Protein chains: 4
Amino acid sequence: MGNTFGHLFRVTTFGESHGGGVGVTVDGCPPQLEISAEEIQVELDRRRPGQSKITTPRKESDTCEILSGVFQGKTLGTPISILVRNKDTRPQDYSEMAQKYRPSHADATYDAKYGIRNWQGGGRSSARETIGRVAAGAIAKKILRQVANIEVIGYVKRIKDLEGVVDSNSITLEQVESNIVRCPDPECAKRMIELIEKTGRDGNSLGGIVECVARNVPKGLGEPVFDKLEADIAKGVMSLPASKGFEIGSGFAGTLLTGIEHNDEFYIDESGNIRTVTNRSGGIQGGISNGENIILRVAFKPTATIRKEQKTVTKEGEETLLAAKGRHDPCVLPRAVPMVEAMVALVLCDHLLRHYGQCKIL
Amino acid sequence: MGNTFGHLFRVTTFGESHGGGVGVTVDGCPPQLEISAEEIQVELDRRRPGQSKITTPRKESDTCEILSGVFQGKTLGTPISILVRNKDTRPQDYSEMAQKYRPSHADATYDAKYGIRNWQGGGRSSARETIGRVAAGAIAKKILRQVANIEVIGYVKRIKDLEGVVDSNSITLEQVESNIVRCPDPECAKRMIELIEKTGRDGNSLGGIVECVARNVPKGLGEPVFDKLEADIAKGVMSLPASKGFEIGSGFAGTLLTGIEHNDEFYIDESGNIRTVTNRSGGIQGGISNGENIILRVAFKPTATIRKEQKTVTKEGEETLLAAKGRHDPCVLPRAVPMVEAMVALVLCDHLLRHYGQCKIL
Amino acid sequence: MGNTFGHLFRVTTFGESHGGGVGVTVDGCPPQLEISAEEIQVELDRRRPGQSKITTPRKESDTCEILSGVFQGKTLGTPISILVRNKDTRPQDYSEMAQKYRPSHADATYDAKYGIRNWQGGGRSSARETIGRVAAGAIAKKILRQVANIEVIGYVKRIKDLEGVVDSNSITLEQVESNIVRCPDPECAKRMIELIEKTGRDGNSLGGIVECVARNVPKGLGEPVFDKLEADIAKGVMSLPASKGFEIGSGFAGTLLTGIEHNDEFYIDESGNIRTVTNRSGGIQGGISNGENIILRVAFKPTATIRKEQKTVTKEGEETLLAAKGRHDPCVLPRAVPMVEAMVALVLCDHLLRHYGQCKIL
Amino acid sequence: MGNTFGHLFRVTTFGESHGGGVGVTVDGCPPQLEISAEEIQVELDRRRPGQSKITTPRKESDTCEILSGVFQGKTLGTPISILVRNKDTRPQDYSEMAQKYRPSHADATYDAKYGIRNWQGGGRSSARETIGRVAAGAIAKKILRQVANIEVIGYVKRIKDLEGVVDSNSITLEQVESNIVRCPDPECAKRMIELIEKTGRDGNSLGGIVECVARNVPKGLGEPVFDKLEADIAKGVMSLPASKGFEIGSGFAGTLLTGIEHNDEFYIDESGNIRTVTNRSGGIQGGISNGENIILRVAFKPTATIRKEQKTVTKEGEETLLAAKGRHDPCVLPRAVPMVEAMVALVLCDHLLRHYGQCKIL
């Protein structure tokens, strides 16, 4: 239980890293949306392993098939089921992990909870599970664009202590995609790539921060008091593998300011709209979008699976040593960008439907 | 919509700051739990305004009444409804706010969303709404204690840049409650109190960080992939008024480490249990509790309502100035401690019931 | 768990027959709806015990108080909590029932499930619980009327074998309320009243059928494949105390026809609308409203609590005899009419919001 | 929206009659259950078209593939996704239906709701959608058997006015499966088969009643007041295509009895258990199972799609005539038996998990 996300735009993912495949069923997509497997594939390719020299070398085309819910190129309003077959499965790479728990990975807790585990490649706890999220996110993004020209753009803000300078108000997808680390500060990106390559060669791994902005979000989305917009976004991104922290607007740094320094004063813009001078609120006040850009950050820890030797224990409770063999992803951040975007898009789409209704929105 | 939290232990809060009252209905509480209004009152008193010289001076006893679900001192397994009447209501203090939007408050977004707003004291967006959460949290805490001796303890970790030194492994409720700012580092607490008093006199406000630890949590709680334990906790605390950030375990700081530095190595303890040497994971791996202490932090921005003059706009779209009159809370942190504890307890209790079933748990 | 109903228009009821009170929290009500306690009271008075000589003589005014969610006569879009205090509580009438299980009542199953039970007047399983439903239904009905002039009218169709002749297309609330048994066939109503009075004097009870029609329902409500409109209505009415059967349109009788006899042929009416010549579908095809009248029936068994002596057992497992003392309701049907209407209205309102969105509907 | 069923044992179906395929994702299945595609196939074969001379002649093997959630023959506790490819798709048979609405079918309402429809073979409103339900039901049945030896057995009770005599207390699956109409009264079955064949030759169709019994259900399942066991079952079976009525225990006929005639008196059996002498309650009292057999009936209307000519209208709003071409199912009842069983099993399994918890049940 726990594999469904959303209230009106409901996403249910399935699948393990090894096995028949992974995928998603999207329930609640408005009818008459034009969508194709090709459009979804674009986002999956951003998440795909082996896309560049700095990601996991697992060879997967991650080709998606739409099983249902689309007819003559348009959504039917019925569930859209999307399947990606697993291809490059190498159980032999993981045979040691059938016995030894990887430190800071989910191996031990899955065994503790379920008493059984697909130890091949991480099973359900593999980042491969996020394929379903990203595929659903591609649909959500298209709805957001069509309904209100809403854009959701993520990028790598920081790798370890290398932090890029990015203007969230103007950044474009093209700029993000202009380099393989997805940090749209070219100088910083270069240093990040070097650091990831070096760390990968050492068998070690890196973490960092993904920042994400949603622009053109209409006022009024979010459902206090529990389904506040930032609360649902927080849940969404904190359910991504390896995420350890979330902040919106001024976030943790905002706690160092006083009220008079932190408050976003109001003004009336030339069109007569109520706007805020600053945006420390991050586009949300009282759990409801205020029309300013939604801006948030997610902290990802360094990848748990590394090739360096570590102390661990076996399933049977004996202490031992482990150095992961085979494929290893030195830094998940570049691939985490589409994951974060997907979760933000799913939440926004869900709240858009709550506010405007499913069938009347397009 | 959005006023219900939890899946098996479901909490629905209601009520505005001014009006008949505020409260909560708890559905899914296991039967035969001994509970009294007095026990719930203890937690409400920790959240109560006017409890000390450094909180809002609103005079409320916040006396709770159990309307249903308890018979002869024990829960029935039926919904427990708890009501707290509003007493000290002063609509006149807020008459200006009927017209003027407080910067960084929810006034403007509520109007944008609903087209109507109870402007008396913040209405539904008032921190007064958390009374229902804290009352439900008191019940959740008791269940946690009885089922597995689980303790949930929060405390003020930082106010602005004043940070206390606290050992989350050993800290006790008594230590937290030993001073009015709820920072169990006596030296730091003293400075915090001075800063809050000074800031309050200036008509300004402060933010900071609440840290919370849950001890004795059994292995196996949490439901991947979306209802991971940290994801549900993140949603819970990010739905609290004024929260701007969340982190678990190593959090944002953990992104500065490499994998080999960050991973929690395993060992076998004297009882034969699988344990981790360090706890950068914060008690959760892959979304499932691993038996170590769950440790998390929540960032609260400085209170939006201040007495200093700020630029703002009226409902009708005219620019103006506002300096809040009447009562003003210079720092919500001491009162946020029971709120954070409540949300963490609600999530843990919900997942305990998912794992063990409602009626068989006690 | 299980005390919340609805997906976007969510109703959570609470309360036992004896105790502080009973009530409901309605979450998801659109903002800016004019509503008053008086309007809700009108429906509660139709459900109230002691309203006529043929119902239970329990003396309750069932006066409701709106605790939240309404400001200056209009809904805020926040939870509306409504409380009815218990007044005429006579635990002494029920002291025997603390030990002896009433046949076909919920006494034994509540003990089996929860291991504890409020034995005073049925506790949570009392029909008194439906106060919350009827209060919420009053709000739902008003929304339905305002949004689309939808009318929901129920009436007693049959008591035992006395069946009224009623035209569901034209029946009015005034006609239903013109007699105390709520059967708008005056001749039949007279005989029903006589039968109920006689049966009541005998200490026995009666069942029957409530029929309910919803008119002016727009096309397109209902969410296949599980949340079909008739499925949600079925759940709603089958959750009412004492209901044993549900049918929509032709129902059970329709199984005696062949396809060519049963199908509703289409035609184009003078306004160019697609209509059906007959309405054996009962206003719903494929789980979605088709614009024709929704017509359904609910079977209610004879009230379980009777004054005649019956064989039963005690809590401790000894065989014994029981003849209920004190107040006894010879026939719940007249009071079941507003309960059925409420459940139908709740479902329609929920689906209206799903289709059109919460905040844009009024 | 509306394609997920269940609270802890959650089933999400997808797929249209024509298109990539149909299937289901089951979330919340307890871990370590042995399950194979072959076991699921057994139930699918009972639902399969073309299984006998009296069902639709569509040629489908309906072979299922388990995509996820099972590892080395055992469930993982993760989502189980099951896919059945569509094979025998003949859009040409349905080309007329792209324009003409079949009377009493969902064609017109889907167009009204979604503004788009997969007109090939009924699309989402096809009975083909129930493949996912039956596959999930196969898993639920196995859990029920393993946890508490619960049996769920359905059979055809009546076709038109031909009613079989069946003892629900002793009936076996073997007896049900002993003839193609699934009515375990051999004499009646013979007449039913003859009637269906004759009606099919005439291009007409038949309805009837499926009865279903659940035996060995433990006391205590069901969650008042809305998620009562019979309410959830009612929703489940009323969401099946073509169902028009539901009753539990004495049902509609029970309304003809008085209280003293209807009540189920209690006694203590030889093992000291509290039992009822009669079972007019149908195994549920106050929404909670009482340990007696759960017995229920579902009315299915005659199949809407017939080969006889009927008056109808086109999508564009012109009156016309329609006689369905190609394949036509004269009576869905034999195939509805596994569908009803599946829905009952899903509800029981869901409530079993609510009561006992997901991971501790096997």
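Predicted model: local features only at pLDDT ≥ 70, side-chain atom pairs only at ≥ 80, totals over all residues.
## Overall build of chain A

Chain A is put together from eight helices and 18 strands. Its radius of gyration comes out at 21 Å, close to the 21 Å given by the globule rule for 362 residues, so chain A is as compact as a globular protein of that length.

## Burial, contacts and surface

Of the 362 residues in chain A, 71% count as buried. On the contact side, take the pairs with a separation of 6 or more: 71% of those contacts in chain A are between residues 24 or more positions apart.

UniProt, in an unreviewed entry, lists A:Arg47 and A:Lys53 under "binding site". A:Arg47 is part of helix H1, which covers residues 37–47 of chain A. Is A:Arg47 buried or exposed? Its relative accessibility is 1%, and buried means under 20%, so A:Arg47 counts as buried.

Setting aside residues up to four places away in sequence, A:Arg47 touches A:Asp62, A:Ala127, A:Arg128, A:Thr130, A:Ile131 and A:Val134, along with A:Arg335, A:Pro338 and A:Met339.

## A:Arg124 and the other listed positions

The unreviewed UniProt entry also places a "binding site" feature at A:Arg124, A:Ser125, A:Ser126, A:Gly286, A:Lys301, A:Pro302, A:Thr303, A:Ala304, A:Thr305 and A:Arg327. These positions are spread over 204 residues of sequence and are spread in space too, with up to 44.7 Å between C-alpha atoms.

Where does A:Arg124 lie? You'll find A:Arg124 in the loop between helix H2 (107–114) and helix H3 (130–148) of chain A. At 3% relative accessibility, A:Arg124 counts as buried.

Which residues is A:Arg124 in contact with, leaving aside its neighbours within four places in sequence? From chain A there are A:Asn3, A:Thr13, A:Phe14, A:Gly15, A:Glu16, A:Tyr110 and A:Glu129. Other chains join in as well: A:Arg124 is in contact with B:Val225, D:Thr78 and D:Pro79.

Terms used. Residues numbered from 1 in each chain as written. Chains lettered and ligands numbered in written order. Heavy atoms only, no water. Helix = DSSP H or I, 4+ residues; strand = E, 2+ residues; numbered from the N terminus. Rg over C-alpha atoms; globule rule 2.2 N^0.38 Å. Buried < 20%, exposed > 50% of the residue type's maximum accessible area, 1.4 Å probe, protein only. Contact = heavy atoms within 4.5 Å. UniProt positions renumbered as here; feature names shortened; annotations may be inferred.
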